[in-house]
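Please consult the sequence and the structure shown here.

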Amino acid sequence: MEKKKFRAAITAVAHWVPDKLLTNADLEKMVDTNDEWITSRRGIKERHILEKGATSDMAAEACKILFEKHNINPEEIDVIVFGTVTPDMMFPSATCLLQAKTGMTNAWGFDVSAACCGFAYSLVVGAQFIESGTAKKVLVVGADKMSSIVDYTDRNTCILFGDAAGVVLLERTEEKNVGILDFYNTIDGNGAQYLNMPGGGSLNPPSHETVDKKMHYVFQDGKNVYQYAVKGMSEASALIVERNGLTGKDVGLFVPHQANKRIIDSAAQRMGLSESQVMLNIDRYGNTTAATIPICLSEAVSTGRLKKGDIVVIAAFGGGFTCSSILVKWAY
Ligand code: UT7
């Protein structure tokens with residue numbers, strides 16, 4: 001029995017990245033690494049870095065692009081759901097700061113903390129407001145200023161991350177079987193030890209000691225995260241396809257979180273996808289945490305890789321651990 005009152009469709013998408021580039025050549029001067037190693041082992045050539053401002057500023061730029069391109073009045077937005085692990089400050093939420101910067105005066109909203117699944121979880125949460133009939137227009141944001149929590153003396157992590165923002169608009173659709181069709185989200189809190197930022201919260205409030213011990217930076221036990229990520233993302237993406245009676249052939253575009261091409265390849269292989277079905281842009285942005293998926297969607301639309309009626313599989317895995325797969329039929 002269909003429990004949803006309405007169906008939620010993505011009707012607009014935009015992204016914004018700061019101009020400043022951090023290239024592999026730049027990183028060669030900062031840590032013991034080289035372009036050949038980073039390119040062949042990590043698949044990243046460059047990342048964008050925000051020099052001035054905060055996460056909500058990047059999100060505001062992405063919103064402005066979306067509103068202008070699609071002729072949307074910001075006052076029409078009912079709810080904002082904002083995935084980020086680098087909010088401007090502990091409180092108020094990045095959502096409140098974004099609202100004030102963009103004139104979404106009739107919206108309420110909140111931040112979602114789910115690391116690399118921040119956008120995927122926010123999309124699912126936002127869809128619930130549309131499906132229940134409590135909102136007509138929901139703005140879903142994924143943005144992170146990773147450069148604010150990365151240790152640029154640690155070659156293991158500093159080459160991986162970049163800054164960016166992406167945003168989508170969710171609206172009601174009358175069309176059958178269009179929009180957000182299904183999702184599968186999980187968390188496993190036992191994974192917290194492998195990927196975290198230990199300082200600055202209530203457990204380790206900021207002090208000289210937490211700064212000296214570099215506790216305000218991303219800590220990643222890469223090998224452990226990798227093993228869980230391969231399993232988690234592959235299983236979640238295969239499950240969402242199979243339980244909807246689909247096969248890899250039906251997938252128009254696979255839009256995975258951009259952390260590691262090998263993790264993406266495993267998930268794509270499990271679904272039986274060819275390279276042309278997989279969205280990849282890690283080479284130009286690195287891992288932008290909550291922003292990777294909306295940037296991919298935005299670029300896929302602007303380059304014509306994503307068209308009305310296409311089946312899209314979104315998948316992400318990240319700190320928490322968090323894991324998400326979402327099945328979407330593209331609406332425009
Ligand atoms: O986005 C949130 C979720 N995160 C993920 O999904 C990330 C999951 N993890 C991974 O993708 C991978 O584990 C990493 C990319 C983080 C690391 O991959 P790895 O397979 O664990 O590392 P590796 O074997 O490719 O390289 C490790 C070696 C180390 O040397 P030893 O100890 O093996 O001698 C590092 O010291 O590579 C060395 N290394 C570097 N060498 C040159 C690490 N970084 C660098 C560097 N340049 N920048």
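The model is predicted: local features need pLDDT of at least 70, side-chain atom pairs count only at pLDDT 80 or more, and totals for chains, interfaces and linings use all residues. Residues are numbered from 1 along each chain as its sequence is written, and side-chain values use heavy atoms, with hydrogens and water left out.

**Domain interface**

The chain is assigned domain 1 (7-176) and domain 2 (180-329); such bounds come from an automatic or database domain assignment. The contact between them (heavy atoms within 4.5 Å) involves 51 residues from domain 1 and 43 residues from domain 2. Taken over C-alpha atoms, the centres of domain 1 and domain 2 are 14 Å apart. About 3,600 Å² is buried between the two domains, and carbon and sulfur atoms give 65% of this area. Buried area is here the accessible area (1.4 Å probe) that two parts lose on being put together, summed over both.

Between domain 1 and domain 2 there are 2 salt bridges, a salt bridge being a side-chain nitrogen of Lys or Arg within 4 Å of a carboxyl oxygen of Asp or Glu.

On the side of domain 1 that touches domain 2, helix 5 gives the most, with 9 residues. Elements giving two or more residues to this side include strand 1 (7-16) and helix 5 (118-131). Helices (H or I, at least four residues) and strands (E, at least two) are DSSP runs, numbered from the N terminus.

**Two buried residues**

Isoleucine 38 lies in helix 2 (residues 35-42), and serine 325 lies in strand 13 (residues 322-329). Isoleucine 38 counts as buried because its relative accessibility is 0%; buried means under 20% relative accessible area (1.4 Å probe, protein chains only). Serine 325 is likewise buried, at 0%. Beyond neighbours within four places in sequence, isoleucine 38 contacts residues including Leu27, Ile44 and Ile159, while serine 325 contacts, among others, Phe183, Ala236 and Ile314.

Selected distances are listed below.

| Pair | Distance |
|---|---|
| Isoleucine 38 and leucine 160, C-alpha atoms | 8.9 Å |
| Lysine 308 and glutamate 175, salt bridge, N to O | 3.2 Å |
| Serine 325 side-chain polar atom and alanine 236 backbone oxygen | 2.9 Å |

Definitions and conventions
Buried < 20%, exposed > 50% of the residue type's maximum accessible area, 1.4 Å probe, protein only. Polar contact = N/O pair within 3.5 Å; in protein donor to acceptor, adjacent residues only side chain to side chain.
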